Every structure is written in structure tokens, then in C-alpha cells.
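Reader: I am new to reading protein models. Please take me through one, feature by feature.

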Amino acid sequence: MNNTNPCVFVIEDDEDISNLICMYLNKSQINTQAFFTAEEALSEIENKNIPDLIVLDLNLPGISGIDFLKKLRTDFSSFIPIIVVSAINEEEEIVEALGIGADNYVTKPFSPGILVARIQAALRRQNFATAQAEESIIFDDYTLLLRSCVLKKGSRKISLSAKEYKVLEYLLRNAGQPLSPEKIYYDVWNLKYGDVTAVAVYIQRLRKKIKKTQGNTSYIKTVFGKGYIFSCDSIIHSAK
């Protein structure tokens, strides 16, 4: 699975509907895992495979969608967004699902395009809530979560190695200041002597992964005779 994109669990026992939802999400660069029973999805979550969002049918074989909701919110997670997609259109059922912990309720038949739009909106809200819940550095549409050591562009995760993350965090904390390769190496690698050329290697990797939307240019500039500088007009440091 491409771990740079958000992952959605689709729990739906109708194979045609499941395939339709997954197809539309995949076209929108959202990874999916399909489950025909709630038990299968719970097993994945118990094994620490945590999705960014869940699409849930209520009429499922075995554990019902309502019971899945109760168990998930009680035993595992109160923060994973859940969108119910169900043929049940009774007010009592809708109120119960929302009261237990569903974030949205879509009745069948539904527009796949509208469902995807609601999922994307929920992922954006979740990403913003996560950023607000922990210390973060936000620049343009990127968010660096300092406790989780995760970089996101919108709701999409950007894959970084541990050292790439440390170099990026250091550059962001010192944004606007020219930093020599020697200083970066000393502060990030915590070594006084060593192969300083490693800094250039990691700067190049970050430049390939993090680019400005306009002009597709890098945030990391080279200042002749001084080193590197992280250039961005809108950096927000949120301390928690």
C-alpha cells in the first residue's frame, strides 16, 4: 500500500457497492481496504492497522454496523471519522448511529462523487484537528506534526525517513536563516566531525518531496557562500 495517501476502510457486504466506492476513492488518490464483515475490520484495527476514515454499512452479517460503532468508540478509538452508508432511511436509526459516534450518514442510493467529496472533507477536518491537538509547524498546505514525526500535505502523508524528518524540522525551526552544511550536520547529526556531504544528500531528497504549488519550486534555497535557507512567507508554529 502507498503509505503517502490516506487510507479508508470500506465495510460493506454488497460487493458491487464496495467495488464502486473503492474505485471512486482510488481515483481520488485515496487508498482503500474492503471488508465484507465488521469482524474482519476489527481484526485489522486490533493489529494496529488504523485507517484514516471508515465507510460503514449498517446491515452486515455477524456484528452489525451499530454494534461495530459501539465497540470501536468504546474499546479502540474516538477519533477515526466514520461515514455510514446505509439503505436504512428511518429517523430513529440515523439518530442512533450519529449518537453513538458516526460523523455523517449517507442513504442508499447515493452519488459516488458526493460521497467522495464528503470523505475528502472529513479527512481535511481530521487533519486540521490532529494538527491542533499537538505541536506542529504549518507552511502553506503542509503540516509537520512534531510529536508524531509526520509530514502531511493536506490529508496526504509525505513519506520521510527519520533523518529527512530531523533535517526538515531543523530547517523549519530556523526558517529564514542561512545555515551552513557544517552547522546543520553538527546540530542534526550531533557530531562534530564526519561526512558533511551527507547534508547535501538529504537536502536534495527533501527538495524532491516538498515543493511549492506555484512554479513547482523548492522551499529550500542555496545561498552562495552561506549554505541553505528555508524560504516561506507563511509559517505557523503551533505549540501545545
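Author: Start with one term: contact means heavy atoms within 4.5 Å. Leaving aside residues up to four places away in sequence, Phe-79 touches Arg-73 and Gln-126. Phe-79 sits in the loop between helix 3 (65-76) and strand 4. Helices (H or I, at least four residues) and strands (E, at least two) are DSSP runs, numbered from the N terminus.

Reader: What kind of model is this, and how are residues numbered?

Author: This is a predicted model: local features need pLDDT of at least 70, side-chain atom pairs count only at pLDDT 80 or more, and totals for chains, interfaces and linings use all residues. Residues are numbered from 1 along each chain as its sequence is written, and side-chain values use heavy atoms, with hydrogens and water left out.

Reader: How many helices and strands are in the chain?

Author: The chain has eight helices and 12 strands. Its C-alpha trace spans about 70 × 35 × 30 Å along the principal axes. Of the contacts in the chain with a separation of 6 or more, 57% are between residues 24 or more positions apart.

Reader: How do I read a strand's side chains?

Author: In a regular strand the side chains alternate between the two faces of the sheet. Take strand 4 (residues 82-86). Ile-82, Val-84 and Ser-86 point one way, and Ile-83 and Val-85 point the other way.

Reader: Are the residues of strand 4 buried or exposed?

Author: Buried means under 20% relative accessible area, exposed over 50%, partly exposed in between (1.4 Å probe, protein chains only). Five of the five residues of strand 4 are buried, so this strand is largely enclosed by the rest of the structure. In the chain, buried residues make up 45% of the 240 residues.

Reader: Which strands pair with strand 4?

Author: Strands of a sheet pair through backbone hydrogen bonds, either parallel or antiparallel. The cut-off for pairing is at least two bridges found by DSSP between two strands. Strand 3 (residues 53-56) runs parallel to strand 4, joined by three bridges. Ile-54 has Ile-82 as its bridge partner in strand 4. Strand 5 (residues 104-107) also pairs with strand 4 in the parallel sense, over four bridges. Here Ser-86 has Thr-107 as its partner. From strand 4 the chain crosses through helix 4 (residues 91-100) to strand 5, in a right-handed β-α-β crossover. Right-handed means that, with the strands pointing away from the viewer, the path from the first strand over the helix to the second runs clockwise.

Reader: What is the strand order in the open sheet of five strands?

Author: The order is 9-8-7-6-12, with antiparallel pairing. Strand 9 (156-158) and strand 12 (235-238) stand at the edges with a single partner strand each, so one side of each has no neighbour in the sheet. Strand 7 (residues 142-145) and strand 8 (residues 150-153) pair over four bridges in the antiparallel sense. Leu-145 has Val-150 as its bridge partner in strand 8.

Reader: How do I describe two packed helices?

Author: Two packed helices are described by the angle between their axes and the distance between the axes. Axes are lines fitted to C-alpha atoms, for helices over the stretch in contact, and angles run from 0 to 180 degrees between N-to-C directions. Helix 6 (residues 162-173) and helix 8 (residues 197-209) pack at about 85 degrees, with their axes 10 Å apart. That makes helix 6 roughly perpendicular to helix 8. Angles under 35 degrees count as roughly parallel, over 145 as roughly antiparallel, 65 to 115 as roughly perpendicular and the rest as oblique.
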